[in-house]
Amino acid sequence: SWDCVILDLNLPGAHGLNILRDIKSLAPSTPILIYSVHPDTQFGLPAIQAGADGYLSKDRGASELLDAVSRICSGRKYISSD
């Protein structure tokens, strides 16, 4: 079992949202943070609707990544303040 999953949307041979759905079907209580180059305005809502617990774009700082992981691991959702 995993404490959490940090998942990119751009994966060779697959789209991250499909992988997200697969993980959630196998381990529904595992918190998943999408960490992507795409802005949250583009994929944030679709990711949350697909089962992600949070969404963070890669242009954010390391401290925000740590905050996002902490939040999803404590059972809350995360989307950047922007």
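**Exercise 1. Overall dimensions**

Work out whether the radius of gyration of the protein chain agrees or disagrees with that of a compact globule of 82 residues.

*Solution.* The model is a predicted one, and the comparison starts from the expectation that a compact globule with 82 residues would have a radius of gyration near 12 Å. The protein chain has a radius of gyration of 11 Å, which agrees with that expectation. As a further description of its extent, the C-alpha atoms fill a box of roughly 30 × 30 × 20 Å when the principal axes are used. Finally, 43% of the 82 residues count as buried, while the protein chain exposes about 4700 Å², of which carbon and sulfur atoms supply 54%.

**Exercise 2. Helices, strands and the sheet**

*Solution.* Begin with the count, which is three helices and six strands in the protein chain. On the side of strand 6, the parallel pairing with strand 5 (residues 54-57) runs over two bridges, and G54 has Y78 of strand 6 as its bridge partner.

**Exercise 3. Two threonines**

Decide for T30 and for T41 whether the residue is buried or exposed, and describe where each one is located.

*Solution.* T30 is found in the loop that joins helix 1 (16-26) to strand 4 (32-36). Its relative accessible area is 6%, and because buried means under 20%, T30 counts as buried. When neighbours within four places in sequence are left aside, the residues in contact with T30 are W2, C4, V5, K24 and D53.

T41, by contrast, is found in helix 2 (residues 40-49). Its relative accessibility is 71%, and because the cut-off for exposed is over 50%, T41 counts as exposed. C4, which is among the contacts of T30, lies 37 residues from T41 along the chain, and the C-alpha atoms of T41 and C4 are separated by 23 Å.

**Exercise 4. Contacts and charges**

Find what share of the contacts with a separation of 6 or more joins residues 24 or more positions apart, and how far apart the mean positions of the positive and negative charges are.

*Solution.* Among the contacts with a separation of 6 or more, residues 24 or more positions apart account for 47%. For the charges, the protein chain has 7 positive and 9 negative ones, and their mean positions are 4 Å apart.

Terms used
Residues numbered from 1 in each chain as written. Predicted model: local features only at pLDDT ≥ 70, side-chain atom pairs only at ≥ 80, totals over all residues. Heavy atoms only, no water. Helix = DSSP H or I, 4+ residues; strand = E, 2+ residues; numbered from the N terminus. Rg over C-alpha atoms; globule rule 2.2 N^0.38 Å. Buried < 20%, exposed > 50% of the residue type's maximum accessible area, 1.4 Å probe, protein only. Contact = heavy atoms within 4.5 Å. Areas by Shrake-Rupley, 256 points an atom, 1.4 Å probe, with all protein chains shown as cover. Lys, Arg positive; Asp, Glu negative; His and termini not counted. Charge placed at Lys NZ, Arg CZ, Asp CG, Glu CD. Pairing = 2+ DSSP bridges.
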